[in-house]
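Biologist: I would like to read this model feature by feature. Please give me the general idea each time, then the case at hand.

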Amino acid sequence: MNYRLYSQGLPALLLLTTAPFALADSTRARCDIYAAGSDHASASIPCTFSQYQGNVYIDRSDGVSYELVPTGDVAGNFVDQDGKAVYRQSGLGSDGLIFRMPDESVYVYWDASSLEQAAGDEDNPTAPYTTAEYDATTLLPCSLGDPSHNKSCPAGIRRGSPSSGSATIHVTAPDGSERVLEFADGGVTSPGGGELTWGKQGDEWYIGIENREFYVVPEAAVFGG
């Protein structure tokens with residue numbers, strides 16, 4: 001039977017030094033998840049990081065866990081619970097650690113305050129957009145990597161005159177970045193957003209950017225109503 005021993009309150013950076021029979025710290029952190037080969041995070045979620053006698057444990061809030069055991073003579077080389085190679089990197093400096101898995105990379109940040117702030121906005125599902133700054137707010141169907149539109153992205157809308165059919169929509173992309181969509185003259189553009197393709201089906205615009213971000217914008221978001 002395996003036991004995990006935790007000592008609360010130790011500085012997070014002490015996790016990087018180990019000694020025989022040392023107790024582990026259990027630290028709340030933020031985990032940014034990157035698919036292999038991607039430079040955009042697919043998720044940013046709470047997680048718990050701990051270490052005991054060189055073994056590393058990462059427990060994500062979405063139910064995914066990693067148990068990493070050191071291997072070989074090179075520091076930072078591990079195998080996971082399935083026997084697959086994992087490499088630890090220090091590219092985040094004092095802010096955290098990077099773990100390179102076979103199919104994804106996990107960036108562990110010691111500071112999870114950004115997630116706590118987001119949790120405080122649970123009463124506003126379209127945060128950070130509010131009607132104090134925008135004509136309207138909404139949740140747009142969206143997705144990252146394929147046009148499944150299986151996520152909801154918060155958006156703030158500023159409309160032109162009722163007769164112009166124009167609007168500017170600020171939307172938080174699935175990777176957490178902000179995208180600006182400009183609607184005018186019956187078309188769509190995204191300033192500085194890379195190659196954009198779009199088509200219209202019924203009263204909905206289907207928009208793709210760089211063939212990796214995908215959005216559905218109802219006509220009512222542009223014209224109101």
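**Reading the sheet, the links and the rings**

Modeller: An open sheet of eight strands runs in the order β13-β12-β11-β10-β9-β16-β15-β14, with antiparallel pairing. This is a predicted model: local features need pLDDT of at least 70, side-chain atom pairs count only at pLDDT 80 or more, and totals for chains, interfaces and linings use all residues. Residues are numbered from 1 along each chain as its sequence is written, and side-chain values use heavy atoms, with hydrogens and water left out.

Biologist: What makes strands a sheet, and which strands form the edges here?

Modeller: Strands of a sheet pair through backbone hydrogen bonds, either parallel or antiparallel. Strands are DSSP runs (E, at least two residues), numbered from the N terminus. Two of them pair if DSSP finds at least two bridges between them. Here the edge strands are β13 (187-189) and β14 (196-201), each pairing on one side only. From one strand to the next, the twist averages 30 degrees; axes are lines fitted to C-alpha atoms, and angles run from 0 to 180 degrees between N-to-C directions.

Biologist: How many bridges join β14 to β15?

Modeller: Six, and β14 and β15 (residues 204-209) run antiparallel. Gln-201 stands opposite Glu-204 in β15.

Biologist: Take Ser-143. Is this residue buried or exposed?

Modeller: Buried means under 20% relative accessible area, exposed over 50%, partly exposed in between (1.4 Å probe, protein chains only). Ser-143 has 0% relative accessibility, so it counts as buried. Ser-143 sits in strand β9 (residues 136-144).

Biologist: Which backbone nitrogens does the side chain of Ser-143 reach?

Modeller: A polar contact is a pair of N or O atoms within 3.5 Å; within protein, one must be able to donate a hydrogen and the other to accept it, and residues adjacent in sequence count only if both atoms are side-chain atoms. The Ser-143 side chain reaches the backbone nitrogen of His-149 at 3.0 Å and that of Ser-148 at 3.3 Å. Contact means heavy atoms within 4.5 Å. Leaving out residues up to four places away in sequence, Ser-143 touches several residues, including Pro-174, Arg-212 and Phe-214.

Biologist: How many disulfides are there?

Modeller: A disulfide is a pair of cysteine sulfur atoms within 2.5 Å. The structure holds two. One joins Cys-31 to Cys-47, S to S 2.2 Å. Cys-31 lies in strand β1 (residues 26-35) and Cys-47 in strand β2 (residues 43-52), so the pair ties together parts 16 residues apart in sequence. Cys-142 and Cys-153 form a disulfide with sulfur atoms 2.0 Å apart. Cys-142 is in β9 and Cys-153 in β10 (residues 151-159), so this pair ties together parts 11 residues apart in sequence. Both Cys-142 and Cys-153 are buried. Counting bonded cysteines along the chain, the pattern is 1-2, 3-4.

Biologist: And the rings: how many aromatic pairs are there?

Modeller: Rings of Phe, Tyr and Trp (its six-membered ring) pair if their centres lie within 6.5 Å; planes under 30 degrees apart count as stacked, over 60 as edge-to-face and the rest as tilted. The structure holds six such pairs. Tyr-34 and Tyr-107 form a tilted one, 4.6 Å centre to centre with 40 degrees between the planes. Both Tyr-34 and Tyr-107 are buried. The rings of Tyr-129 and Tyr-134 have centres 5.5 Å apart and planes at 85 degrees, so that pair is edge-to-face. Ring pairs also link Phe-49, Phe-78, Phe-99 and Trp-110 into a cluster.

Terms used. Helix = DSSP H or I, 4+ residues; strand = E, 2+ residues; numbered from the N terminus.
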